[in-house]
Amino acid sequence: MKGGDVSSISPLVSFVLGAAMATVCVLFFMSASPTRRLADISAFSSGNATSSDLRLASSDSDNGVVADGDAEVTATPAPAPAPVQAASPWGDLDEVLRRAATKDRTVIMTQINAAWTRPGSLLDLFFESFRGGEGGVARLLEHLVIVTMDPAAYQGCQAVHRHCYFLRTSNGVDYRSEKMFMSKDYLEMMWGRNRFQQTVLELGYNFLFTDVDVMWFRDPFRHISMAADIAISSDVYMGDPYSLRNFPNGGFLFVRSSAKTIDFYRAWQQGRWRFFGKHEQDVFNLIKHDMAAKLDLAIQFLDTTYISGFCQLSKDLNKICTLHANCCVGLGAKLHDLRGVLDVWRNYTAGTPQDRRAGKFQWKLPGICIH
């Protein structure tokens, strides 16, 4: 061959040899891990791998080993995210009590439904009595927990107060409207309230429960003995605070949390079925003798001179601390008489010290219930 012919063949031979070498390299590369490489190529080519593609592509790492070239690395699984618990829209009881409690774990509690939260209703009068009271009684609102019986009452509470709790019940009673005294729904409400009070004691809190139709004029705590396990207001007060002959009223009730008082509440709840059809106040009266002796329980009945009510009315405005619209049936009657009570109290607080000491201010009598 001539030199020119050899030079023309050399490029062709070089091209063929190069192509053959490239083909061999590709086949060798794919044979090293055929399953993974094919899956990777498929994923890249589609641009959107399916779940089956992803499972196939990770077949080399099923046991925590990831292949990357010739290296093997043990993969550390990511920790599972902590479950997020949705906050209750009604508030957590223990948290509400903790925020409201005094340093010695005492709370004041009242209970309302929607009928009592309407403008001009009992809750408005209740707040007005605190704010118009004497001796710093208004500061006690910082420790008041309002227990609501329906969503509308809860929303109404939140509009005017910091410490609100919605007490959910499973008895099927609609608590939005007024419950007539001794009706089936009324008894369910009263016994549900009693069980709730027991829960508060079990959580380790002392409480002073007050009906929302109790007007607060002065601090009543100074009349509650440190020796008392239970201090309860009186429909009829006989003169001796520790005599079990006094007639109790559960609408104003202080209980100190202890094993003794929790046992008393358990017996009280059982009394609902022993004395079926009676409300909780009557059952308290029926079990007080036996349980006070059995548990060595100190029960104080509060003097109606200071912790008063329509049943046995205190006429001395210089001494009275609270006034309960007891012995009075019907929301309208309570509102009528309590508005009159607040009118007299406003005049009293605006009076001169001489006129106040002289007793020139008296309740407007008779009312619908007050007498």
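Author: Arg-139 and Asp-219 form a salt bridge through their side chains, at 3.4 Å from N to O (a side-chain nitrogen of Lys or Arg within 4 Å of a carboxyl oxygen of Asp or Glu). Arg-139 belongs to the loop between α5 and β4, and Asp-219 to the loop between β7 and β8, so this pair ties together parts that are 80 residues apart in sequence. The model is predicted, with pLDDT of at least 70 required for local features and 80 or more for side-chain atom pairs, while totals for chains, interfaces and linings use all residues. Numbering runs from 1 along each chain as its sequence is written, and side-chain values use heavy atoms, without hydrogens and water.

A second salt bridge joins Arg-218 to Glu-134, at 3.1 Å from N to O. Because Arg-218 lies in the loop between β7 (214-216) and β8, and Glu-134 in the loop between α5 (122-131) and β4 (144-148), parts 84 residues apart in sequence are tied together. Arg-218 is buried, at 8% relative accessible area (buried is under 20%, exposed over 50%, partly exposed in between, with a 1.4 Å probe and protein chains only). Asp-219 is likewise buried, at 17%, whereas Arg-139 is partly exposed, at 45%.

Elsewhere, Arg-346 and Asp-343 meet in a salt bridge of 2.2 Å, N to O. Both lie in helix α10 (residues 331-350), 3 residues apart, about one turn of the helix. Arg-346 is partly exposed at 38%, as is Asp-343 at 29%.

Conventions. Helix = DSSP H or I, 4+ residues; strand = E, 2+ residues; numbered from the N terminus.
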